[in-house]
Structures are given as C-alpha cells and as structure tokens.
Amino acid sequence: MAKGFGPFGKIQEALKKAQQVREGAQQLQTELDSMEIVGEAGEGKVKVTLSGNQEPRSVSLTPEALQETPEALSEMLLTAMNDAYIRSTETMRERMEDLTGGIDLPGFGA
C-alpha cells in the first residue's frame, strides 16, 4: 500500500522496519540478560561467567587453580575473563545481525 507514494512510501516502510528492529532489540536485551556465557582458562581450572550483556555473574576456581602461583592464577583469571568477553560480544553481534538482517534503509544500501 505505501509503495504507491514514491519516496514517501519508502520512508514509511523504513520507519515500520525500524520499529520492528526496536521491538526486537528490546526482546534481545532481555534474552542477553538471561544468558550465561562461560570463559575458561587453565584447562577449565578457572571459569568466568558473564551475561550476554557482559555483566559479571560468577568466577569458579578448582582446587588445582588454588595451587598455582598468584601470578599464574592472575593470568588464568584474565584469560578466562577475556574468553568470556569475546564469546559474549560474538553472541551479541550474531544476534544483532539476525535481528537487523535484510533491512534496506533508503540512502544506506549498496
């Protein structure tokens, strides 16, 4: 129906799609908040859990991790945090691509 109004119809369609993306983004935010993404280091001796929004949830250390030197334990914690962060941002990116995929906004497409 809106396609008969030339550029105005395209703008209306783009606004409709933008509203759909906005609603989907709100739902995605809720989903990401409830996700638990785990990063590991030291062959599982150290685990860090973040939400899909990169909010820290927990840190888990095995008894073997506690036998490590403070420097080694610190390094494993940093590695596990980075692993969780990378997994979380990748999950967020993939979900956002799913949400916004196929949208052709006037003036922004190729």
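**Close-up views of loops and helices**

**View 1. The loop between strand 2 and strand 3 holds Q54.** Helices (H or I, at least four residues) and strands (E, at least two) are DSSP runs, numbered from the N terminus. Q54 has a positive phi of about 65°, although this residue is not a glycine. With a relative accessibility of 24%, Q54 counts as partly exposed (buried is under 20% relative accessible area, exposed over 50%, and partly exposed in between, for a 1.4 Å probe and protein chains only). The model is predicted, so that local features need pLDDT of at least 70 and side-chain atom pairs count only at pLDDT 80 or more, whereas totals for chains, interfaces and linings use all residues. Residues are numbered from 1 along each chain as its sequence is written, and side-chain values use heavy atoms, with hydrogens and water left out.

**View 2. E43 lies in the loop between strand 1 and strand 2.** Like Q54, E43 is not a glycine and has a positive phi, here of about 55°. The relative accessible area of E43 is 84%, so E43 is exposed.

**View 3. Helix 2 covers residues 70-100.** At 1.5 Å a residue, its 31 residues should span 45 Å, and the end C-alpha atoms are 45 Å apart, which agrees (the expected span is 1.5 Å times one less than the number of residues). The buried residues of helix 2 are L73, M76, A80, A84, S88 and T91. These residues pack against helix 1 (7-34) and against strand 1 (37-41), strand 2 (46-50) and strand 3 (56-61); contact means heavy atoms within 4.5 Å.

**View 4. Helix 1 packs against helix 2 at an angle of about 155°, with the axes 10 Å apart.** The angle makes helix 1 roughly antiparallel to helix 2 (under 35 degrees is roughly parallel, over 145 roughly antiparallel, 65 to 115 roughly perpendicular and the rest oblique). Axes are lines fitted to C-alpha atoms, for helices over the stretch in contact, and angles run from 0 to 180 degrees between N-to-C directions. Helix 1 contributes V21, G24, A25, L28, E31 and L32 to the contact, and helix 2 contributes T91, M92, R95, M96, L99 and T100. T91 is also among the buried residues of helix 2.

**View 5. The elements of the protein run α-β-β-β-α from the N terminus.** Of the 110 residues, 24% count as buried. Among contacts between residues at least 6 apart in sequence, 51% join residues at least 24 apart.
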